[in-house]
Every structure is written in structure tokens, then in C-alpha cells.
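Here is a colleague's note to read beside the model. Keep the sequence and the 3D view open, and take the points in order.

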Amino acid sequence: MIPKQTVDQILDSAQIVDVVGDFVTLKRRGANYMACCPFHNEKTPSFYVSPAKGIYKCFGCGKSGTAVGFVMEHETLSYVDALKYLARKYNIEVVEKEETAEEIAGRQRNESLLLVSEYASRFFRDSLRTQEGRSVGYAYFQSRGLEDATIEKFGLGWAPSDRKSLSRTAREAGYKEEFLVDTGLCVRRDDGSLTDRFYERVVFPIHSVSGRVIAFGCRTLRSDKTVAKYVNSPETEIYVKSKSLYGIYFAKNEISRQDNCLLVEGYLDVISMHQLGITNVVASSGTSLTVEQIRLIRKFTENVTIIYDGDSAGIHAALRGIGLVLKEGMNVKVVLLPDGDDPDSFSRKHTQEEVRGFISEHEQDFISFKSDLLLNEAGGDPLKKANLINDIADTIALIPDAVKRSVYVESCSIKFNIEAQILFDRIRTTRGELLAEEKKHNDRQARKPVYVDGPDNGSVPVREDVRIEPAAKPGITDPMLAPCERELLDFVLNKGQEVLQFDRDSDFFSEEPLTVADFIDVSLAADGDEFCNELYHNAYERYFELYEEGLSQDQIAQRIMNSSDRYVAEVALDLVVPKYDLTVKNYLDSMTAEATQLVMYVPRSIIIYKVKRIEKRIKDISEKLLALDPGDIEGQKDILEELQDLNRKKMIMNEKLGRGFNRK
């Protein structure tokens, strides 16, 4: 954990223009700066940075945030890692809480594995420049049309034919045998000596999302069928094949900008398309597509275009991938290349414009793809056609979003001239089975004991009734009060430290004028009221925690927008970031002095909120009255008296609204 004082120092030091300027070219426009948005593809700049507010806002894609939020979004880092990034930038020392011996050992081991992998990557890259490497490995890359800049970008290399060259060189450089073996780079023989796993092969380093080398894929150039075409790194603590995507480090920013990921199968498919200039491309690293890989893509976009070979294997892979992507709530399209082509060969035969044009013209949604593919097989057989329709309906059933399911049902209904209700019935049945199976699976998982460290450093099972569930996003649980609470929070976040100067004849006059924040807080506390919606309640409470520390309004806003609680940060950003133009504050009527507006509208908002709470209470007890036993005279009498009192208070409040605030 980073100490609070260090976090505050980092946030205070981070200058939004300085941070954003490391990634995009900013041009001054008045008091602000502008650029083309780094998060989506645009030609006309709509990305603004306000040094005064310490925030950025894109009016094209809607992304906004602070310096730490920008680093998190652009570099796909966690909150803590983004803070560490900024600490390095501003030369701030980060001393985290004391780690346990086990945590230190685990962190050091992971770092050692990464360092060994990165050393091996440099070794293979340097070996490509040797006489053997140039005559075999480099010649192969050239034969595949790869340019020197591309070879350098992806760190492509050569594993020498000498089966001990890496192990020998690495040990001479001081790397331990333990880590050479545990990364899978070397294998220990029966006599205890080491031999290299990879030899006489071209090398494709595999990078993590943050750019660290975590594994290798190595291809033989021999035609001998007894030799495996590819030998890959085994799974380790730093490399889990099902969670890794080849090329993700090089593609992530362009995937975000274009809001689309092109998914291919092989290393050279990715590399050739990147060389062509199409850089939002990743590969499943020669494995069948996994749920974990899809979720990794989802960090950057919800739109996936699968580009596979047009042969039977490619079609089968595309069919399997469709269901997985849809089940994760993402949008999927499929492009099949001409038979005999793969993305590598196709991109080498065509220009960037031709490839983009082909993708645009031939991408299909899964209904069109499946129906075009399977209708030919069905021919005129009505039973086969019925099976095809059922198959498509079952695929639609995988989609978690009901609106999307409905749209696809309509499309399918038109395409096959079948009643939509028939499709909905099939989908309802299929989804019921899927959800039942999922519940069984979850129940089985829930029954498994979860182990934590016990007092004697052994492991003890966690009791079933104290299992820790992930925190759900705070939501709007009371829609009736939400608009009022949002409006009051808006006043607090934007004008909390402005002083309200009421006239002496005002009902709200005080010898000691209150700030907007104090006035709202005192007014709510007078009736024991608190925000009912957790989303706004948490942000409101966080404001007053910082307010009591004596921070300025701008400092408080920055702290909340930089909060590690991303839900609190999001609601604050939504209220603090201007909605239309960073240079114009449209919140209050510009024809009236701001101080006058606050005196008018803050009390009015409080009264409206109290009226809404009274109306909610009236509704609740009216329902209670209807539910009472007709013979419960005392109960009815108590409720009627409370209703009478509430209606009287409501009338007084409404009179205040009419008398004091509706004058023109």
C-alpha cells in the first residue's frame, strides 16, 4: 500500500498538460489545450485539456478524467501502477507498506523470471545478427517480406543451433540456473546439466500488456515432418497461455482508438498486418480462443472482427469464436479470406487500403455468416434448414443483453421468414438451460473451501458464511430522490466553499454566513436526512472528509476525481467536467450574478429534496395503510395522523417554493 502522504504528493505534483503531453501533441487554445483524441480515431480535434481544472475531456468519445485517470486509460494500468508511473515521472520515492517474507519472495521471483526472459530476448535478437542467424533466420524473415524496422519492433530473433549457447551465455552473465529452468528456456538433463529448449529456430517473443517479455514461440525452418513446427514456452508464473494475446502490447492503443480489435491466428498474421499499417491486430497465439483472451480484449473495446482463413479449419475456429465473444457481451463480426490465403499472405499481396476495403466489404454479423455457410449444406432439406435456424437461435441465446437479443431475433426472423415469437420461445428455453447450468457450476464452486493463511502460517478454510464477494457498483436504488441528490452533490462539488449571503429578511439569514457545503449539510442534518443512493452518498461523504482537512475547493475536487474508488471518481468527473465546453460554465444563468443565483437555487434545491422525501414517506405509509387489517383501528388512526402531519409539512414547503422562488 502506498502511504496517503505519498499519494497526495504524487497527485499534487502531476500536471495534466505535462502528463498528457507525453502521449499527444497539445496545442494551446485560450486558457486550455487541444489535440486529436488518443482514445478514438478522429481528424478534427475534440480532445481538450484544462490546466486550471486539472482534467481532460474528449467531446467526441466522451472520455474524461484527471492525470492519473489518463495514465490508467492510456497505458491500461491499475490505479496503484498509474500512481507509480507518475511517481517515477516526478522523481517521487514510493515506499510501500512492509511486505511479508512470502510477498517479498514472490515478487522477487516474478521479477527474476521476467529479467531472465528479457535477457533471453536480447540474446535471440543479437543471435539474429550472427553469421548463422543472418544466413538462416534473417533470410527467412526477409523471405516473408518483413522489413528491418518490423523485425526490430517485434524483437524477432534466432535460437542458435548450438544447444547450450543460451544456458552457457546466461550463466556467464550471472543468471541462475533455477530461473533459466523455471522460465522454460532451459531443460535440466538426467546428469544435471542444462540444455536449451529452443535451438535452430526463429524466435517470436511474446509480450505482456505492459510490454515485458513473458514467453517465446519458436518455429523450425526444417522440412522434416518429425520435427515439431512450433515449440513454445511452457506456462509459468509470468505466462499463462490462455490469458495472453500475441501483439497486444503493440495493438492496445490503436484498438482503443478505433474501438475495434482484429483477431487473427498466427504470429506472422499479426506482424504482416502491423507492417502494412493495420495495427489494431492481435492473435490467439496458435491456441483456440479462450474466455480470458476475450476479456483481455474487452479492456480496450467491445467490438471484435475475427479474420480467419477460408479453409475448413478457419471456418471451424471462427464458428467457435463467435459464441465465446457473444457470451461475454461483446459484438462480433467475421471475415473469411479467400481460400488459400491467410492474413499474412493476403496483407503481403495487397495495399493497406485494399485490405481495409476487403474487411469492410466482407465482414458479416454471425447470423449472415452462419446462414450463408450452412444454407448451402442444408440445400432444400427442410429439417436441415430448421436445425440451422435452431442453431442460430441458440447462438443468440448466448447474448446477455436483452435488447441486442431482440435486434438479432428481428434480423433472423426477416432473413428466414419465420415468426419472431417462435425464435423467442427457443431462446427462452435455451437461456433457461444455460443459466441453470451456470448456477450449478457456481454452486459447486461456492461449496469449495477457500483457504487463507492461519495464525500458525498453515492454511485454514474460510467459513461459508464469511466468503468475500467482489464489491458491486453502487447504483441508483431510489430513482425518486436521485435527481435531487445529484443536484445537491453538484452544488457541493462545484460551489461548496462559496459563501451564501442571505438578506436579513430571508428565512435563511444567519449572523455567521454559511458556505454552500455547510448550508446543505446543516439543512439535511436538521431533519436527520442522508442521501439514499449509495453512488451519491459515497461521493458526498468523501467531500466532507476532505473538507474537514481544510483543503481548497479545487484540491477537494481533484482528490475526489483521483479517488481509488473509481465509482466515486466517475460521478465526480461527470459533475465537475463541463458538459459542452471547458471555457464556458453553463451550470448557472449567466444573466444573473453567481452569488445571487446560489442564494436563490441552493435553498430551493434543499426544499425540493425535502418535499420529495415527504412525498416518498406519504407513498410508503399509504401503502402500509392499505395493507392494514380493517379491524386495526388504532393502527389506522396512527397512520392517518402521520399522513395529516406530512401533508401539512408538504404544504408549508410548497408555499415556501411558491412565495420565495418563483418571482420573475
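1. **Salt bridges.** A salt bridge here is a side-chain nitrogen of Lys or Arg within 4 Å of a carboxyl oxygen of Asp or Glu. The structure contains 34 salt bridges. Side chains of opposite charge can pair when their charged atoms come close.

2. **How to read the values.** This is a predicted model, in which local features need pLDDT of at least 70 and side-chain atom pairs count only at pLDDT 80 or more, while totals for chains, interfaces and linings use all residues. Residues are numbered from 1 along each chain as its sequence is written, and side-chain values use heavy atoms, with hydrogens and water left out.

3. **Overall make-up.** The protein has 26 helices and 18 strands. Both are DSSP runs, numbered from the N terminus: helices are H or I with at least four residues, strands are E with at least two. Of the 664 residues, 43% are buried. Buried means under 20% relative accessible area, exposed means over 50%, and partly exposed lies in between (1.4 Å probe, protein chains only).

4. **Surface and contacts.** The accessible surface of the protein is about 34,900 Å². Carbon and sulfur atoms hold 49% of that surface. The areas come from the Shrake-Rupley method with a 1.4 Å probe; for residues, only the protein chains shown count as cover. Now take contacts, meaning heavy atoms within 4.5 Å. Among contacts between residues at least 6 apart in sequence, 64% join residues at least 24 apart.

5. **D22 and K89.** Which parts of the chain does this pair link? D22 and K89 form a salt bridge, with N to O at 2.6 Å. D22 sits in the loop between α2 (16-20) and β1 (27-29), and K89 in helix α4 (residues 79-89). They are 67 residues apart. D22 is partly exposed at 43% relative accessible area. K89 is also partly exposed, at 26%.

6. **R212 and E118.** Is E118 buried or exposed? First, the pair: R212 forms a salt bridge with E118, and the closest N and O atoms are 2.5 Å apart. R212 lies in the loop between β9 (201-207) and β10 (213-220), while E118 belongs to helix α5 (residues 101-127), 94 residues apart. E118 is buried, with a relative accessible area of 19%. R212 is partly exposed at 24%.

7. **E642 and R617.** This salt bridge brings its closest N and O atoms to 2.9 Å. It links helix α26 (residues 633-661), which holds E642, to helix α25 (residues 594-627), which holds R617. The two residues are 25 apart. E642 is partly exposed at 30% relative accessibility, and R617 is partly exposed at 36%. Salt bridges that share partners also join R109, E178, D182 and E237 into one network.

8. **The open sheet.** Four strands run in the order β6-β9-β10-β11, with antiparallel pairing. Strands pair if DSSP finds at least two bridges between them. The edge strands, β6 (157-159) and β11 (230-232), each pair on one side only. Neighbouring strands are turned by 35° against each other on average, direction ignored. β9 and β10 pair over 7 bridges. V203 stands opposite C218 in β10.

9. **Helices on the sheet.** Helix α5 lies across β6, β9 and β10, at about 35° to β10. Helix α11 (residues 267-276) packs on the sheet too, touching β9, β10 and β11, and makes about 75° with β9. Axes are lines fitted to C-alpha atoms, for helices over the stretch in contact; angles run from 0 to 180 degrees between N-to-C directions.
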